[in-house]
Amino acid sequence: MPGSMNNLMKQAQRMQRQMEESQKELETKEFTARSGGGAVEVTVTGKKEITKVKLSEEVVDPEDIEMLEDLIVAAANEAMRQADEANAAMMSRMTGGLGGGFPF
């Protein structure tokens, strides 16, 4: 029984190291989303930090700032969603689809 407990602890430590490595890798990835037919582009990291906002000249209309704001929000939210999905996929791979729980 003590040997199996040792093996379980080693597996848990190995899984923790793998999760930490995967998390670091995810944090360096970038996710880009567009809105307004590509007129607005927002890039975020896996840490959910916006690193770039790119606007096409035709979308910059001083008479319609509200539309531009909405397009930026839409693109930023989509990029964040992509980062969340990548994180969830990584966690699922690491836990074997257990949902973070243990089957005992």
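**Figure 1. Overall dimensions of the predicted chain.** The chain has a radius of gyration of 20 Å, whereas a compact globule of 104 residues would have one near 13 Å; the radius is taken over C-alpha atoms, and the globule rule is 2.2 Å times the number of residues to the power 0.38. This is a predicted model, in which local features need pLDDT of at least 70 and side-chain atom pairs count only at pLDDT 80 or more, while totals for chains, interfaces and linings use all residues. Residues are numbered from 1 along each chain as its sequence is written, and side-chain values use heavy atoms, with hydrogens and water left out. Along the principal axes, the C-alpha atoms fill a box of roughly 75 × 25 × 15 Å.

**Figure 2. Secondary structure and contacts of the chain.** Two helices and three strands make up the secondary structure, and their order along the sequence is α-β-β-β-α. Helices (H or I, at least four residues) and strands (E, at least two) are DSSP runs, numbered from the N terminus. Of the contacts with a separation of 6 or more, 46% join residues 24 or more positions apart, a contact being heavy atoms within 4.5 Å.

Figure 3. Buried residues account for 22% of the 104 residues, where buried means under 20% relative accessible area, exposed over 50%, and partly exposed in between (1.4 Å probe, protein chains only). The chain carries 12 positive and 18 negative side chains, and the centres of the two sets are 18 Å apart. Lys and Arg count as positive and Asp and Glu as negative, without His and the chain ends; each charge is placed at NZ of Lys, CZ of Arg, CG of Asp or CD of Glu.

**Figure 4. The largest nonpolar core.** This core has 16 residues, among which F31, V40, V42, V44 and V59 touch the most other members. Strands β1 (30-35) and β2 (40-45) and helix α2 (65-95) each supply at least two of its residues, and the largest share, eight residues, comes from α2. A nonpolar core is a set of buried Ala, Val, Leu, Ile, Met, Phe, Trp, Tyr and Cys residues joined through side-chain atoms within 4.5 Å. Not counting residues up to four places away in sequence, V44 touches K29, E30, F31, E49, I50, T51, A79 and M80.

**Figure 5. T43 in strand β2.** T43 lies in strand β2 and counts as buried because its relative accessibility is 3%. Beyond residues up to four places away in sequence, T43 touches E30, F31, T32, E49, I50, T51 and K52.

**Figure 6. The surroundings of M80 and K48.** M80 belongs to helix α2, and K48 to the loop between β2 and β3 (50-55). Their C-alpha atoms are separated by 6.2 Å, although the two residues are 32 residues apart along the chain. Apart from its neighbours within four places in sequence, M80 is in contact with V44, K48 and I50. M80 counts as partly exposed because its relative accessibility is 22%; K48, at 41%, is likewise partly exposed. K48 is not a glycine, yet has a positive phi of about 65°.

**Figure 7. A39 between β1 and β2.** A39 is found in the loop between these two strands and, at 9% relative accessibility, counts as buried. With neighbours within four places in sequence left aside, A39 is in contact with K54, L55, S56 and V59. The C-alpha atoms of A39 and M9, 30 residues apart along the chain, lie 51 Å from each other.
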